[in-house]
Amino acid sequence: MIAIKNGKIITPEHVVEGKLLLIDGNIILGFSDSTDSAERVVDAHGRFVMPGMIDVHSDTIEQYIQPRPTSQLDFEFAFKVCERDLLGAGITTMYHSLSLASSELFCRGFLKSKENIQKLAVLIANIHMRNHLIHHRLHLRIEIDNIEAFDIASDMLRQDRVHLISFMDHTPGQGQYNSIAVYYDAVSKYSGKEVDAVWFESVLEHHKKKSTLSFEQLKELAALAHEKGIAVASHDDDTHKKLALNKEVGVSISEFPISLEVAKSAKERGFYTVVGSANILRGNSHSGNMSAAEAILDDCADIICSDYYPAAILHSVFYMNAKYAVPLPKMVNKVTLNPAKAMRIDEEYGSVEAGKKADLLIVELLDGYPVITHAFVDGKQTSRIEYRR
């Protein structure tokens, strides 16, 4: 049995001080006043104790597998390196976001192929049978203009390879690219140069004529996910009509709503809303859309994910507390308990409560920045770091 003492323990509603937190095996026992039953005592030295974070959307693994367009590394090696960094960022459960995309315009085509998506899914499923640090899960992102994605996703769901699915539509003129000018700017930045006008017109023409998955197919995939106890998300919702259609499909999570108005509407319709942590630190979306900080202050952002920058997720929690006085329990819930609820794993994960799995972090504020000094996953201390002056 392990006792953590001298910690400021962040529960879903309070910050508890003056109590010991007891861990027995991989389970949190609860609070105590005595260390008599403990075989080991960990001194938190007045630091914060919080649940390990649950990141429902991040494609960071792609950067470890393919750091350059012409350079691919061994998949398992990439996971070993990546999970060390994720643990250092305080993420103990990662839903790796892998895209079944039909276009290579904004993505590494190598990693979007059916064969490599399935290879990564198998690795995520069985890596827990070998040495590992965190919980790995698969978030399968389905681009609706990838007609083959219906059969691929159906098979992967039936094989229990998927833990979250989301539907995406990156057609210019709506969603994330709500104007052709925004889309043009994005294409130019991804390519690193101003794009040829004739070529760009051909891209727009392609989008006008392309086929997409039908409403019935999306609904069938959502139903199959629900049968497996898996949540379904939408991406870049920009209108009330789209929210209504997604509700009918079976979606329960709205990732990155484009505007505050849509985020509020999503909340009113019962969706969990997701915003990105880097957006909070930067002060705006990298696509020029809704401010995540504003959404949090307006109480229409339930979940914070790392999106493309895992180091930002912990910092965003303490940033909102320091700058806007949002209570720490409320902010911590957005990266722990709320995503656990959305992923339907909150009976075991997401909060410091008796009977739940002991995924825990000890966090110190150094120079105004939160840093992880201890990390526990399933009750095992998987990381210990002390900074020096």
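Reading burial, helix packing and phi in a predicted model

Student: What makes Asp 160 count as exposed or buried in this predicted model?
Tutor: Asp 160 has a relative accessibility of 52%. Exposed means over 50%, so Asp 160 counts as exposed.

Student: Where is Asp 160 placed?
Tutor: Asp 160 sits in the loop between helix 5 and strand 11 (164–168).

Student: What is the phi of Asp 160?
Tutor: The phi of Asp 160 is near 60°, a positive value in a residue other than glycine. Most residues other than glycine have a negative phi.

Student: Asp 307 also has a phi near 60°. Is Asp 307 buried or exposed, and how do you know?
Tutor: The relative accessibility of Asp 307 is 14%. The cut-off for buried is under 20%, so Asp 307 counts as buried. Asp 307 lies in a loop too, between strand 15 (303–305) and helix 13 (311–324).

Student: What share of the chain is buried?
Tutor: Buried residues make up 54% of the 389 residues. The secondary structure of that chain comes to 15 helices and 18 strands.

Student: Why are helix 5 and helix 8 called roughly parallel?
Tutor: Helix 5 (residues 149–158) and helix 8 (residues 215–227) pack at an angle of about 10°, and their axes are 10 Å apart. Angles under 35 degrees count as roughly parallel, and the two helices are therefore described that way.

Student: Which residues make the contact between them?
Tutor: Helix 5 contributes Phe 150, Ala 153, Ser 154, Leu 157 and Arg 158. From helix 8 come Gln 217, Glu 220, Leu 221, Leu 224 and Ala 225. By class, the residues of this contact divide into six nonpolar, two polar and two charged.

Student: How do you know that the length of helix 4 agrees with its number of residues?
Tutor: Helix 4 (residues 114–126) has 13 residues, which at 1.5 Å a residue should span 18 Å. The expected span uses one less than the number of residues. The end C-alpha atoms of helix 4 are 19 Å apart, which agrees.

Student: Which residues of helix 4 are buried?
Tutor: The buried residues are Asn 116, Ile 117, Leu 120, Ala 121, Leu 123 and Ile 124.

Student: What puts them on the same side of helix 4?
Tutor: Around the axis they cover an arc of only 165°, so they lie on the same side of helix 4.

Student: Among contacts with a separation of 6 or more, what percentage joins residues 24 or more positions apart?
Tutor: Residues 24 or more positions apart account for 66% of those contacts in the chain.

Note on methods. Residues are numbered from 1 along each chain as its sequence is written. This is a predicted model: local features need pLDDT of at least 70, side-chain atom pairs count only at pLDDT 80 or more; totals for chains, interfaces and linings use all residues. Side-chain values use heavy atoms; hydrogens and water are left out. Axes are lines fitted to C-alpha atoms, for helices over the stretch in contact, and angles run from 0 to 180 degrees between N-to-C directions. Helices (H or I, at least four residues) and strands (E, at least two) are DSSP runs, numbered from the N terminus. Angles under 35 degrees count as roughly parallel, over 145 as roughly antiparallel, 65 to 115 as roughly perpendicular and the rest as oblique. Contact means heavy atoms within 4.5 Å. Ala, Val, Leu, Ile, Met, Phe, Trp, Tyr, Cys and Pro count as nonpolar, Asp, Glu, Lys and Arg as charged, and the others, Gly among them, as polar. Buried means under 20% relative accessible area, exposed over 50%, partly exposed in between (1.4 Å probe, protein chains only). The arc is that of the directions from the helix axis to the C-beta atoms.
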